[in-house]
Amino acid sequence: MQEPALSSSDDGSSLDEPNWVSWFCMLRNHEFFCEVDPAFVQDRFNLYGLKELVGPLYSEAMTMILGIAPTEKQLSDPSQRIHKVLDTARILYGLIHARYILTAQGLSDMKAKYRAHEFGACPRTLCEKQTVLPIGLSDSVSPSGENPLKLFCCRCQELYDHNVPGGNYIDGAFFGSTFPHLFLQTFRELRPPPPSCKYVPRVFGFKVYQAQQQQQQQLQLDEWPKRPKNEPVSDWDS
């Protein structure tokens, strides 16, 4: 006999509780997420291909996302089916979120977060607290946790680890590899000037001869992360 699905409204939920999306975005370490417009979530065109990626709990997860937040009673019992659906809903919402933030409305929502410095600042001293942007190295969810969310600094053009308090894992696919670059192409006025100075190492006040740095400048650095074999190539890649 098939086990009945549990919805977020079971076990004493009230109408005063927030919807699932708001609840999810308010969870600890989820401050980078924006609330996806329900109309976007319900448009089947925006969901193309996600059912195959998410698996058999897709329908229940979608119902949960469009419903209200789970109650403390539901979450306190690890034997309830809602925990399996919740894990699937988290992945489904993350993949929908990655698509949403590439739209005009999604970019606008992330712009508000960027201006509020919600993404944090670049740890590099010479970037002078430049606000960073979330990025994933892959657009595919990693079941083994090998695609953690990274931070991109548009001033020094470098990537940094996102050290989440408590070690909670956020998959980079929930933001994708395109977002920060499309963001800066869309809002060109937010592009910062390049660093105006560089750090010079010294010993007793004298500049250190940097033979190794000169050798690195002469070598062509490998592209990272590695380009998938089936990824299209543009004129800029030649």
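This is a predicted model: local features need pLDDT of at least 70, side-chain atom pairs count only at pLDDT 80 or more; totals for chains, interfaces and linings use all residues.
Q: Which helices each supply at least two residues of the lining of the second largest pocket?
A: Helix 3 (50–54) and helix 6 (82–100) do. Helices (H or I, at least four residues) and strands (E, at least two) are DSSP runs, numbered from the N terminus.

Q: How is a pocket defined here?
A: The work is done on a 1 Å grid over the protein atoms alone. A pocket is an open set of points with protein on both sides within 12 Å along at least five of seven lines, while a cavity is a set where a 1.4 Å probe fits but cannot get out. Lining residues have an atom within 4 Å of a point.

Q: What volume does the second largest pocket have?
A: About 380 Å³. That is the space filled by probe spheres set on the points, with grid points joined across faces, edges and corners.

Q: Ala98 sits in helix 6. Buried or exposed?
A: Ala98 is buried, at 11% relative accessible area. Buried means under 20%, exposed over 50%, partly exposed in between (1.4 Å probe, protein chains only).

Q: How far apart are the C-alpha atoms of Ala98 and Ala173?
A: 6.9 Å, although the two are 75 residues apart along the chain.

Q: New topic. How many salt bridges are there in the whole structure?
A: Five. A salt bridge is a side-chain nitrogen of Lys or Arg within 4 Å of a carboxyl oxygen of Asp or Glu.

Q: What does Glu189 pair with?
A: Lys111, at 3.3 Å, N to O. Glu189 is in the loop between helix 8 (179–186) and strand 4 (202–203) and Lys111 in helix 7 (residues 104–115), so the pair ties together parts 78 residues apart in sequence. Glu189 is exposed, at 52%.

Q: And what does Arg155 meet in a salt bridge?
A: Glu128, also at 3.3 Å, N to O. They are 27 residues apart: Arg155 in the loop between strand 2 (150–153) and strand 3 (158–161), Glu128 in the loop between helix 7 and strand 1 (133–135). Arg155 is buried at 14%, but Glu128 is exposed at 58%.

Q: Which partner does Lys113 have?
A: Glu118, with the closest N and O atoms 2.9 Å apart. Lys113 is buried, at 13%. Glu118 is partly exposed, at 34%.

Q: Last one. What is the overall secondary structure?
A: Nine helices and five strands. Of the 238 residues, 37% count as buried.

How values were computed: Residues are numbered from 1 along each chain as its sequence is written. Side-chain values use heavy atoms; hydrogens and water are left out.
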